[in-house]
Amino acid sequence: MAGAVEIYEVGPRDGLQNEAGEIPVADKVALIDHLSTAGFRRIEAGSFVSPKWVPQMAGSAEVFAGITRAADVRYSALTPNMKGFDAAIEAGVDEIAVFGSASEGFSQANINASIDESLERFAPVIEAARIIDLPVRGYVSCVVDCPHDGTIDPSAVARVADRLFAMGCYEISLGDTLGRGTPDAIARMLLAVRDVVPVGRLAGHYHDTGGRAIDNIDASLSLGVRVFDAAVGGLGGCPYAPGAAGNVATEAVAEHLERLGYDTGLDLDIVNTCAARAQAMRA
Ligand code: HMG
Ligand code: MG
């Protein structure tokens, strides 16, 4: 065995937030309940954001109320501000995530704030979570390029990752939001981020628009990253990153990792059945 690598399942959030048609809460609940039997330790199940910005996530409280929680799974949700935090607590989340960006253009488009304003907004959220011992994950989007600002310098990624880590995020997930990153660009970015955040606290979050996400995972593995976000069925994209395709498919990542000798702890048959279910939910 080459060691353990964890896949953080983000399909019910990142996978479904971008679907055009309305997906019934019951279908989301059924998908999450099915995923809960596959061996994941963390599942991103929803998002407490403005329903005007992301209508598809409006039913997240109902989703959390409807799922059957597995004892060894942490169910998380995105919380951009205190309003989202309060709603997430009310819904009984096990973990939250704040989401920033390495690019000013995407930060404005996605959360209507500059990078510095967003970090100020996250501070009370992270502090409120610390008081009740709730784990907080931090996302950095546009780690290699941005639909608005073009190529992103690795130092810009390192700066935001460093700030989020110092503020108390236990893990920093590095998002190739557009999904056009190459292994070289991902490696340059990781080398810069690794200097400021321990590599054991980093995760790769790679969309697969350019078909290089698995290569980007390989580049990240060779630099010590051992957590990867993925979405069953390869669903998803970000409504504020035009042209971005889905997250790398969980089933493809799991099969790839197992082939390389890594232990994912996942039941691949169940993951494949979940992938088929996720794809059937598409409009
Ligand atoms: P804003 O308009 O600046 O916020 O949006 P505001 O504070 O001025 O409030 C405006 C309205 O939104 C008010 O309602 C608030 O109550 C409401 P109104 O008075 O007009 O009826 N509001 C909320 N409602 C529900 N939940 C909340 C909330 N906050 C305010 N939490 C805001 C700022 C951050 C809210 C908005 O920009 C937003 O919701 N953005 C979310 C965008 C998003 O979810 N994007 C996708 C997720 S990020 C992603 O996919 C990338 C990632 O996967 C990594 C990668 O791939 O790179 C993580
Ligand atoms: Mg994403």
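Two residues are in contact if their C-beta atoms, placed from the backbone, lie within 7 Å. Helices (H or I, at least four residues) and strands (E, at least two) are DSSP runs, numbered from the N terminus.

The structure is a predicted model, in which local features need pLDDT of at least 70, side-chain atom pairs count only at pLDDT 80 or more, and totals for chains, interfaces and linings use all residues. Residues are numbered from 1 along each chain as its sequence is written, and chains are lettered from A and ligands numbered from 1 in the order in which they are written.

**Helix packing**

Two packed helices are described by the angle between their axes and the distance between the axes. Axes are lines fitted to C-alpha atoms, for helices over the stretch in contact, and angles run from 0 to 180 degrees between N-to-C directions.

| Helix pair | Axis distance | Angle |
|---|---|---|
| Helix 10 (250-259) and helix 11 (268-280) | within 9 Å | roughly 160° |
| Helix 2 (25-35) and helix 11 | 10 Å | about 170° |
| Helix 8 (183-194) and helix 9 (213-222) | within 9 Å | roughly 35° |

The axes of helix 10 and helix 11 cross at roughly 160°. That angle makes helix 10 roughly antiparallel to helix 11 (over 145 degrees; under 35 counts as roughly parallel, 65 to 115 as roughly perpendicular and the rest as oblique). The crossing of helix 10 with helix 11 is left-handed, a term used if the near helix is turned anticlockwise from the far one by less than a right angle, with clockwise giving right-handed. From helix 10, Thr 250, Glu 251, Ala 254, Glu 255 and Glu 258 meet Leu 268, Val 271, Asn 272 and Ala 275 of helix 11. This contact has four nonpolar, two polar and three charged residues. Here Ala, Val, Leu, Ile, Met, Phe, Trp, Tyr, Cys and Pro count as nonpolar, Asp, Glu, Lys and Arg as charged, and the others, Gly among them, as polar.

Helix 2 packs with helix 11 at about 170°, which makes helix 2 roughly antiparallel to helix 11. Leu 31, His 34 and Leu 35 on helix 2 meet Cys 274, Arg 277 and Ala 278 on helix 11. The classes in this contact are four nonpolar, one polar and one charged.

Helix 8 passes helix 9 in a right-handed crossing. Pro 183, Ile 186, Ala 187 and Leu 190 in helix 8 meet residues of helix 9, including Asp 215 and Ala 219. Five nonpolar, two polar and two charged residues form the contact of helix 8 with helix 9.

**Nonpolar core**

A nonpolar core is a set of buried Ala, Val, Leu, Ile, Met, Phe, Trp, Tyr and Cys residues joined through C-beta atoms within 7 Å. A residue is buried if 20 or more other C-beta atoms lie within 10 Å of its own, exposed if 12 or fewer, and partly exposed in between. The largest such core has 88 residues, and Val 140 and Val 157 have the most contacts inside it. Helix 7 (residues 154-167) gives the most to this core, with six residues. Beyond four places in sequence, the contacts of Val 157 include Ala 102, Val 140, Leu 174 and Met 189.

Most residues other than glycine have a negative phi. Asn 112, not a glycine, has a positive phi of about 60° and lies in the loop between helix 5 (104-111) and helix 6 (115-131). Asn 112 counts as exposed because it has 12 C-beta neighbours inside 10 Å. Asp 133 has a positive phi near 65° and sits in the loop between helix 6 and strand 6 (136-141). With 6 C-beta neighbours inside 10 Å, Asp 133 is exposed.

Lys 83 belongs to helix 4 (residues 82-91) and is partly exposed, with 13 other C-beta atoms within 10 Å. Lys 83 and Phe 48 are 35 residues apart in sequence and 8.1 Å apart from C-alpha to C-alpha.
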